[in-house]
Amino acid sequence: MTGVDGPGVGPHPQPWPDDERLDPELLAHGDHRNVADRYRYWTVEAIVADLDSRRHPLHVAIENWGRDFNIGSVVRTANAFNVAGVHVIGRRRWNRRGAMVTDRYLHVHHHDDVEAFAAWAAGEGLPVLGIDNVPGSVPLEHRPLPRACALLFGEESTGLTPAAQAACEAVLHITQHGSTRSINAGAAAAVAMWAWAIQHT
Ligand SMILES: C[S@@+](CC[C@H](N)C(=O)[O-])C[C@H]1O[C@@H](n2cnc3c(N)ncnc32)[C@H](O)[C@@H]1O
């Protein structure tokens, strides 16, 4: 599949490598997708298969009641950290703009409500950790995070709903030092995934 959505590489010089992971269309016309250089000319299916072979046991979930524009950003960061799955809770449709097509390369699941997501996590044996600065939350900094877990984020407008907070083993906050009440959900998700990554990768 050819896509012109960023800088990339032009047509591959002949002779083409004999590698079934490579897409003849991309070899012929160039690869301008937003992918790491090692995946240049690979088919989407081959990239997903390679990522699947080494995904981290981290899941991220976000409530989606108003098609929060941050969800795309969360998905893009989740792709960068090669998480096992992204879970959209609430409305099925989500604002894909910030994802920059990265959702093609990971597994996005939908749950109708928090209870359904919590039941799924329990079935997988995954602790759910909320990420929000609500009363009763504890600092994320320096806190050991389970290797296999699900991090749950709230929406920009409402934060973690009471139902979501109730589903969490603990709610963790990123300590802030300025005057704003909160950082945006996409930024918070990036900080939290990085906090997990520095402990487990
Ligand atoms: C704009 S915040 C809103 C909620 C916030 N509790 C408030 O009092 O305004 C939206 C989401 O971003 C994330 N978030 C923002 N700031 C955070 C922080 N300092 N620590 C952890 N999560 C944060 C949370 O997932 C939160 O649900």
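Eight residues of domain 1 are in contact with six residues of domain 2. This is a predicted model. The domain assignment places residues 1–54 in domain 1 and residues 55–200 in domain 2.

- The centres of domain 1 and domain 2, taken over C-alpha atoms, are 30 Å apart.
- On the side of domain 1 that touches domain 2, four residues are nonpolar, one is polar and three are charged.

**The largest nonpolar core**
- This core holds 39 residues. Val60, Ile62, Val74, Leu152 and Phe153 touch the most other members.
- Several strands each supply at least two core residues: strand 1 (56–64), strand 2 (83–90), strand 4 (128–131), strand 6 (149–153) and strand 7 (170–173).
- Helix 3 (70–80), helix 4 (114–124) and helix 6 (185–200) also each supply at least two.
- Helix 6 gives the largest share of the core, with six residues.

**Contacts of Val60**
- Val60 is one of the core residues that touch the most other members.
- Setting aside neighbours within four places in sequence, Val60 is in contact with Val74, Ala78, Val83 and Val86, among others.
- The contacts of Val60 also include Leu151, Ala189 and Met193.

Notes:
Residues numbered from 1 in each chain as written. Predicted model: local features only at pLDDT ≥ 70, side-chain atom pairs only at ≥ 80, totals over all residues. Core = buried A, V, L, I, M, F, W, Y, C linked by C-beta atoms within 7 Å. Buried ≥ 20, exposed ≤ 12 C-beta atoms within 10 Å, placed from the backbone. Helix = DSSP H or I, 4+ residues; strand = E, 2+ residues; numbered from the N terminus. Contact = placed C-beta atoms within 7 Å. Domains from an automatic or database assignment. Nonpolar A, V, L, I, M, F, W, Y, C, P; charged D, E, K, R; others polar.
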